[in-house]
Amino acid sequence: MISMLRSLWMVFMHAFKKRETVLYPEKPYELPARYRGRIILSRDPDSQERCVACYLCSVACPVDCISLQATEDEHGRRYPEFFRINFSRCIFCGLCEEACPTYAIQLIPDFEMSEYDRQNMVYEKEDLMIAGEGKYHGYNFYKVAGLKIAGKDKGEAENEESPVDLNSLMP
Amino acid sequence: MVNIYIDGIKYQAEEGKNLLDYCLSVGLDIPYFCFHPAMGSVGACRLCAVKMYKDENDTRGKIIMSCVQPVQDGMIISIEDPEVKHFRAQVIESLMNNHPHDCPICDEGGECHLQDMTVMTGHVYRRNRFKKRTYRNQYLGPFINHEMNRCIQCYRCTRFYREYAGGYDLDVFGIHSRVFFGRHQDGMLENEFSGNLVEVCPTGVFTDKTLKKHYTRKWDLSTAPSICEHCSLGCNTIPGERYGKLRRIRNRYNYDVNGYFLCDRGRFGYEYVNRETRIKKIKARFGAELQDTTEDEILDKITNAFEKGKTLGIGSARASVEANYALNKLVGAENFYAGISGKDHQILRNYLDILRNYPVNVPSMKETEEADYVLVLGEDITHSAPRLALSLRQTLMKKAMDEAARVSIPRWLDHAVREFYQDGKAPMTTITPYNTKLDDVASKSLRLNPHDTVKFGFLLANRINNDAPAVKDYPGEWDEWLDQLAKALINAKKPLIVSGWGNGLEEMLKAAANITQALNGEERKAGLFYALPEANSMGLGLLEGNDLSGIMETGDAPENLIILENDLYRHFDKVQADKFFNQFKNILLIDHTETNTTDHASFVLPSGVTAESSGTFINTEGRAQRFYKAYIPEAPVMDSWRWLGRIENHLKKTGGQWNSLDECLAELVKGYTVFKPLTELAPPSGFRINGEKVARAPHRYTGRTSMHAHKNVHEQKPPQDEDAPMSFTMEGYNGTPPSSLVSHYWKPGWNSVQALNKYQQEVGGPMHDGDPGKRVIEPTDNPKQQYFKVPVFETKTEAGELYLTPVPHIFGSGEMSSLSAAIREATPEPYVLIHPNVAGQNDLNEDDVAIVRANGKEWKLKVKTDDKMADDVAGITTGFRQSYIVELPLKGNIEKQEKK
């Protein structure tokens, strides 16, 4: 009898406690910065696409929801012609981000992607690209790679000698 | 066989074989770079180090390079010893010092031998803090991309290019840490086999430039075993598709046929498949225009049109045996025509006659490498059947190996063998009207016009064996050559006579046959290798189609015509072909690419190209080889034989025609017993391994749930293949399937093409269960020698007249390859090749435009001169898009075009 009354009292007292329920969506929910949500494609410090279309994200994807096609500009810089993620298949595992050698693909703490129509869950490159560098600052793949692109000749990358003079016989 | 001990386990090995080769053959993974099964060892990279012990009591051992170590009795070695493992990791580390941070943007990535070997040795971080060496790249033409930073100095490229393929314009420059592999200046690589550098190079220095335009990783390609459609040799290929486009062609190893290498036409000639000239819709003619229509509608229309009157069928040497048979069956054998010119028809008839009734030995391409004397009769093989030229070039190495064996240099020590042989020549004589690429290895080259070559051939047969018919009246200086050549051929154990369609002379084949007949004896059978023009010329010949030139002339043609994958303008003169087409009320064309013939068709059905179809080609040696579709083309494109089956169902209202390749083959074999082996080429479509089909896509094929998501997020069921025991996805068996179903090479730890080692019985040997393909026609054992009669030889009738002889060209003469962008870039303008004396007489200079007159016609062609050619000949490029010139060989005159 006493325990029943005690329980009733406890439940009654909860009516005066601080509310646990968050009034989402009126009040936005804040997630940790490393939460794996919506995938974006970032840009390098020069504001150019970071993605070099290496296909490593697509091969790492366990649900095969990434597809892309590589192409090149007239100076040899490689980038994706199209880049598509089918978010209705994505499991937000983050393996694409881990596989990415250029920090292009990143998962951000945004999960608000509900749609009435599944077709709208298919994101193309224009939907994925953001204006900035995302979580990882400073890295510029083409400044490290040996390939020649517009504005960077052979030997001008980080930690590179200038090109070999083939006519030199000096030891 | 001797016993050797590797890491404590006893193995039985062949003494004298190289240790690396043996270890790889038994499945032990030793990392290596510079070794290549086709090119032997040089010991340049120092990666394949293993430890060798003196005896059981030796605990220290010494480090040796396994690729330059012969197997010895009782030898004790260790691959897993910690010291030697550390040594190998250090070698990789030093090779990687200057390797750029390029893998994500490197076309070799994912199928890179360097990546595989780095992972295998365990090297991970670059400790070297010094700067990386860089190079400037070169422009190497439309086929090959150059990225020299990635080089690890294994010398495979120059060894292949210069030594194996006989090229001159790729070499190593510079000294010590600055060596550079490239040309002396920017420019197209001249050798016809340069594309193999893509597979030979273990890193990404040389990559496929055509693939770069629509780059796809190896793991994303849907692939199937296929056969090259660009000449009659039947090289095995692996076409790869992604997003409905053909992305590249890779070599598929077949020990007997192409081995490790393809020619550039075969490798880069695929681009026509993705061109806008493809026929992709069903079309019917309304008035002057062809308009799109549906399958049901067109089948009704065809039925209405073709019910009445007789129908004639024209087959094709570039369509599969199945497609030609389906047409043959639809129109009836008496109405089935081969669709090649009268001259080609006659050559084909004679060739089949030789194979069936004459005691000749037709070698495989691999066997041609073993020949100890080769006579190339009147043919520029490098351009008419390119891959064969590469095989013939290896006769040099055969000779060199035999010589080097005298001083105990092992056969696999390739570079040492070549150094020993120095500038020695191959046991080969070439007799051609103009300078050919094989001349640089041939020990003797004779320059004769084609008609003299025929005469020389008949004379030679008679000189070798008196039973052969004699020829009177020939130039006196030939005697010495004839005697020399006859002696060389008689002394050879495996003589080989090579000729081909390129010279266009029926008598050339007869001359070649007579020489082989004369050489045949009890202990020796001479080889005869004759290259036919198209991928399935032989299959078409075996179907015994009628000669079209007969009715072309008479004009006695029925009402309806069905043309199968054929452009008659490539075989007949324009006026003649136009007249022929105008006789018909209804013309149905089944083809994959628009040609001049398309303009005459009243109905057009789209067929698949080789990479989109399943079927069988029979190559020039009579080897039937199956190809499977690498991908399902977008409807309504389908196999020609399937279209013809559907038409027959509709037309004859019988129903029950074949729905699959197996059913089609079953009927074919009933009709033609010669095709019996076709059913045994590959397992039937019901074949399963552990209940699974063989997967076309590698197991890491990507994008399955997103590649079509932009069209429809709901995923479609993957297409099914009724014709092959293969699936179109990564689902299915991914181990080692029967060799006829191998569509990509991959084994754990071996992502590059070198994974092939694991599919072979031994490294560089036949495939694990024998090589795919079966001969359908074996030369008779009838020992009775037969000879062709001496023909009437052509003579010149007037002064200044020249023999106009066809000049085939690897880039340009192929009907389909010449539509491909990269090939077109490499194709020269059509030209006439003359001796400088002839040019002088006619006041012509190099690059002038000359008018060639023959047969009441004239052609304007650019002049090229060759001071080593015969001076009574004018070579004219043949089969080029701009000018087919089907009538060659002819006799005619040349003169300068007057300036206006």
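The model is predicted: local features need pLDDT of at least 70, side-chain atom pairs count only at pLDDT 80 or more, and totals for chains, interfaces and linings use all residues. Residues are numbered from 1 along each chain, chains are lettered from A, and side-chain values use heavy atoms, without hydrogens or water.

Chain A has five helices and five strands. These are DSSP runs, with at least four residues (H or I) for a helix and at least two (E) for a strand, numbered from the N terminus. The order from the N terminus is α-β-α-β-β-α-β-β-α-α. The C-alpha trace of chain A spans about 105 × 40 × 25 Å along its principal axes. Of its 171 residues, 40% are buried (under 20% relative accessible area, 1.4 Å probe, protein chains only).

In chain B, helix α16 (residues 450-464) packs against helix α18 (residues 506-519). The angle is about 15 degrees, and the axes lie 8 Å apart. Axes are lines fitted to C-alpha atoms over the stretch in contact, and angles run from 0 to 180 degrees between N-to-C directions. α16(B) and α18(B) are therefore roughly parallel (angles under 35 degrees). Contact means heavy atoms within 4.5 Å. On α16(B), the contact residues include Pro450(B), Val454(B), Phe458(B) and Ile464(B). On α18(B), they include Glu507(B), Lys510(B), Asn514(B) and Leu519(B). The contact residues divide into 11 nonpolar, three polar and two charged. Here Ala, Val, Leu, Ile, Met, Phe, Trp, Tyr, Cys and Pro count as nonpolar, Asp, Glu, Lys and Arg as charged, and the others, Gly among them, as polar.

Conventions:
Angles under 35 degrees count as roughly parallel, over 145 as roughly antiparallel, 65 to 115 as roughly perpendicular and the rest as oblique. Buried means under 20% relative accessible area, exposed over 50%, partly exposed in between (1.4 Å probe, protein chains only).
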